[in-house]
Each structure stands twice: as structure tokens, then as C-alpha cells.
Amino acid sequence: EDQLEFYDYRKNKWYWLRWPYYLLVFGLSGVGSTLLFRRFQQNIEQRYEQERKLNQLQLLSIKNQVDPHFTLNALNSIDWMYRNNEVQKASSFMGKLTRLMHQTVTDSNKFSISLYEELDFCRNYCELEKLRDDDFEYEIKVAEEIDAFDVEVPKQMIFTHVENAIKHGLRPRKGDKRLWIDVTASERGITIQVEDNGV
């Protein structure tokens, strides 16, 4: 038996919304793509800036090995001690200067070293300064929760500030001269403070 089927077509009253819908979808896609591109661009710029700063630190590290004036002054001080029969003091001074020079040569091809090595370099420098100047005192403190052997820092990052503090802040000062290096833990890693009571 034949069967007839009838189809009824009616215009969708919401059909006109297709264009705003398409615009909305394309608009959101465009905004999303733009945001993703900007985020990607920001990451590239941040990495570039970090690498630029690291390169600057490396150049500064190479430039600031040990101040030639300090080395010459140290050798003059040793000579003066020997001339005044302060043999033991001169020998101690020479030993510390030798260790400092050895560290400089040994680490010359390194960009980063352990926090312990960096602080040890600063300690040797401060010991030399202490032998040169009886009024000078220093203190290095590292929080117990920090493993100084496990943390890496750019070479001479701390020393540069220590040297400047001594050279420009403390040497011109009359009377007691104090330098503090304080390493503490923070949410972002570690915080290193170099303070002095100089001019």
C-alpha cells in the first residue's frame, strides 16, 4: 500500500542570530589567539632579559676578579710587615692572599659556583682587610635551613657588593668598621643582605 509523507518547513525565528554567533565565536577565537601570542611573546622577552642580565653578570665577574689596587696594597702591606719583623702576621696575610688568588684562578672559567664557595671567597677577602685594618670586623650568617653547598649563585655576585662596601663605605670611615652578610630563606628562594656602617 502506498504511503505518503509530508514535510513541513518553517523558518527558524532565531536564524538571524547566526551572524552575531559567528562574530562572537570568531571574536573570542581572535582574542584568545591574541592573548596566547602576547603571553608567548612575554615569555620570550623575559627569557631574553634574564639571559641579558646573566651575560652582564658574567662580564662583570670577569672584569672584577680581584681589584688590582687591593692586590698591590696587600703586597705592600706584607712587605711592610716583614720590614717591621711582623713575620707571623705577614705569613698569615700571604697565606690568605694566596688562597684568594687560587680561588680566583680556579674559578676563572666558571659562571656559577656554590654559595659556600662564594661566601668563602668573601671571607678570605674580609680576613685580608681585617689584617690590614684593626678597626674592621665582619660577620657572615647563613640560616640553618640553607645548604650552602647545594645552592648555586653567579660567581662574585656577593663579592662585588662586599668589595664596594669595604672600599667605598668602610675605608673612608674613622673608628669601628662593621660589615654583615646575612643569608636567609624566603618564599622565592634565598635572600642575601650585605650591610655596613660606613659612610
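Guide: Let's start with Arg171, which counts as partly exposed at 26% relative accessibility. Keep in mind that this is a predicted model.

Visitor: OK, which residue does Arg171 meet in a salt bridge?

Guide: Glu129. Their side chains come to 2.8 Å, N to O.

Visitor: And where do Arg171 and Glu129 lie?

Guide: Glu129 is in helix H4, while Arg171 is in the loop between helix H5 (157–170) and strand E4 (177–186), so the bridge ties together parts that are 42 residues apart in sequence.

Visitor: Is Glu129 buried or exposed?

Guide: Buried, with a relative accessible area of 3%. The cut-off for buried is under 20%, so Glu129 qualifies.

Visitor: Switching topic: how many salt bridges turn up in the whole structure?

Guide: A search finds eight. One of them pairs Lys96 with Glu127, where the closest N and O atoms are 3.7 Å apart.

Visitor: Which helices does the Lys96 and Glu127 pair link?

Guide: Lys96 sits in helix H3 (residues 87–106) and Glu127 in helix H4 (residues 115–132). The two are 31 residues apart, and the pair links distant parts of the chain.

Visitor: Is Lys96 buried or exposed?

Guide: Lys96 is buried, at a relative accessible area of 15%.

Visitor: What does Asp120 form a salt bridge with?

Guide: Arg123, with the closest N and O atoms 3.4 Å apart. Asp120 and Arg123 are about one helical turn from each other, because they are three residues apart in helix H4.

Visitor: How accessible is Arg123?

Guide: Arg123 has 30% relative accessibility, so it counts as partly exposed.

Key
Residues are numbered from 1 along each chain as its sequence is written. This is a predicted model: local features need pLDDT of at least 70, side-chain atom pairs count only at pLDDT 80 or more; totals for chains, interfaces and linings use all residues. Side-chain values use heavy atoms; hydrogens and water are left out. A salt bridge is a side-chain nitrogen of Lys or Arg within 4 Å of a carboxyl oxygen of Asp or Glu. Helices (H or I, at least four residues) and strands (E, at least two) are DSSP runs, numbered from the N terminus. Buried means under 20% relative accessible area, exposed over 50%, partly exposed in between (1.4 Å probe, protein chains only).
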